[in-house]
Amino acid sequence: MADDSIAVVDLDRCQPDRCNYECANFCPPNRTGSECIVTREERYGEDESEGGYDGGPKQISISEEICLGETCGICVEKCPFDAIEIINLPQELDDTPVHRYGENAFALYGLPAPREGRVTGILGPNGIGKTTAVRILAGEIAPNLGEWGDPAGWEAVMDEYRGTEIQSYLEALQDDAVTVARKPQYVDRIPDRFDGNTRELLENTDERGVLDELVERLSIGPVMDQPIDSISGGELQRVALAATLARDADFYFLDEVTPYLDIGQRMTAARLIGELVGDDRSMLVVEHDLAILDLLADSLHVAYGEPGAYGVITDPKSVKNGINEYLSGYLDNENMRIRPNAIEFEEHAPRSTKGGDTLVEYPDLAKSYGDGEFSLTVEGGTIYENEVLGVVGPNGIGKSTFAELLTGELAPDEGELDARLSVAYKPQYIQLDQPMRVDSYLSSITTDFGTSYWNTEIAQPLQLGRVMEQNLTDLSGGERQRVAIAACLSEDADLYVLDEPSAHIDVEQRVQAISAIRRYTENHDATALVIDHDTYMIDLLADRLLVFDGEPAESGHASPPVGMREGMNRFLSDLDVTFRRDERVGRPRINKPGSQLDREQKREGEYYYTA
């Protein structure tokens, strides 16, 4: 194979007990007597140090030296489980990977350079190596320069990066001259590793003596004495951020700050991060919320490649140019097209609901969880057929409670909903713990599973092809989210309620999810109610808004649904945040607090973009 190609075998999909090794039998080099595709046992025996046979199913190994590359591709076509990828790497790519996980496994090319006293951002799809890069820079993984069987060692790594900022950083890391703190990507896994209460966790990390301030700023006082496994995702996210920022470190690595946080909490997190950065402290932030990344970062690295196969991290760019190039799908300096089509943020025209058919008129509703506990009041309103109703408001204000009232999972204390309304519901926190495969799970929901209509309307936009044969329990956070959205849309219902569909999915997947939801409602005269904190998603998806306000964790209130501009102005004015549109690509951008444009929009009462 040419030096600019790699072979990737997804061992989660390779199922030799269910095939006849068609990949090996039809491989042209194999048929001429070469050992291009053989089993790992045949290649390595039982030497697991070489990534070889482990006693399980005899999965395949592909010799990249013998393979003919993407111009052949017969093994890719013959594999019945889509387990093989033969990929031509970009010609401009350096031949030496930073790290490779094993033979025919994921390879990472390029590293971001943490810059002293700055916030460095990384933007790219899931499965592209961003977390791998963070773990290398945090000292958790030793880069092997692609030599997984016989790791190159730190001396070779230093030679590879000699004369660069990365060399200086890695040398300081190896000499213990810098300290690091890292916030993990999936905060919902924290309870699996710590079984105490919140206070015990945070007191163990408070090396700077700032715990009281962080607890107040992040509003986590009410959960300080609660067990870690009893608090919500949003609370876990803020606790994880507090635990990381309380450490006394030179470099902080924050892997996804915003999942489960409302926009006010995201702004608070951004301000805390900005305040901590200085001459002796630096940040590297991996984030999918473009508005927050735009506000927070001083420079940006774009990550691209083939998810699960290889990833490339570019040299630093300006934040504005980096985000706009990523959205356009073309990287100027690299002369590289990373996506066939641009992600566009032109303001969509909300569908007119005036005079439309009514799906449901809900009355005034009230729900209380008891004396001194949270209570919700909802003014009566109308949900129309064939609309997407966006729901916005702070965390802990009753949005999910309202969703559960609609689904019948909760009974209101006052008011009565139409029992004839059938509702499909994707909850905020996904529980896909059944011991079954994705395709079996989805086929149990709808008889349309596998039809051309279902594949076109749901499976393809949500990029489910490569996870269909995986077990639900093995899915990543983003994969679980997309499967849950598909499961919701696959039901036969009058109303589709999706609570935080953007959590843990990347920018491209969010746009695909938006396309799937909106296209489904348009093509099937269906109605959706979408609760989300991602302004991009709400901006592109909703026809009207239902705005919640009140005192988080104490009381919530919702007025009847209103138009987009009125609703967003009401919502953002409560948060004292203004948005504008990027003049080049039309994406929403947060105005820097106190800037001239921020002040002008507030004077005019236009918090939701200028006309």
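How do the residues of the lining of the second largest pocket divide into nonpolar, polar and charged? Select the lining and colour it by type: you get 16 nonpolar, 17 polar and 13 charged (Ala, Val, Leu, Ile, Met, Phe, Trp, Tyr, Cys and Pro count as nonpolar, Asp, Glu, Lys and Arg as charged, and the others, Gly among them, as polar).

Before going on: this is a predicted model, where local features need pLDDT of at least 70, side-chain atom pairs count only at pLDDT 80 or more, and totals for chains, interfaces and linings use all residues. Residues are numbered from 1 along each chain as its sequence is written, and side-chain values use heavy atoms, leaving out hydrogens and water.

The pocket (an open set of points on a 1 Å grid over the protein atoms alone, where a 1.4 Å probe fits, with protein on both sides within 12 Å along at least five of seven lines; lining residues have an atom within 4 Å of a point) has a volume of about 1200 Å³ (the space filled by probe spheres set on the points, which are joined across faces, edges and corners). Centre on Asn395, Gly396, Ile397, Pro552 and Ala553, the closest of the 46 lining residues to its centre.

Next, show domain 3 (189-248) and domain 4 (358-564); both contribute to the lining, so the pocket lies between them (bounds come from an automatic or database domain assignment).

Now pick β23 (544-551), one of the elements giving two or more lining residues (strands are DSSP runs of E, at least two residues, numbered from the N terminus). β23 runs antiparallel to β24 (555-558), with four bridges joining them (pairing takes at least two DSSP bridges). Zoom in on Asp549, opposite His557 in β24. Finish in their hairpin, where Ala553 takes a positive phi near 70°.
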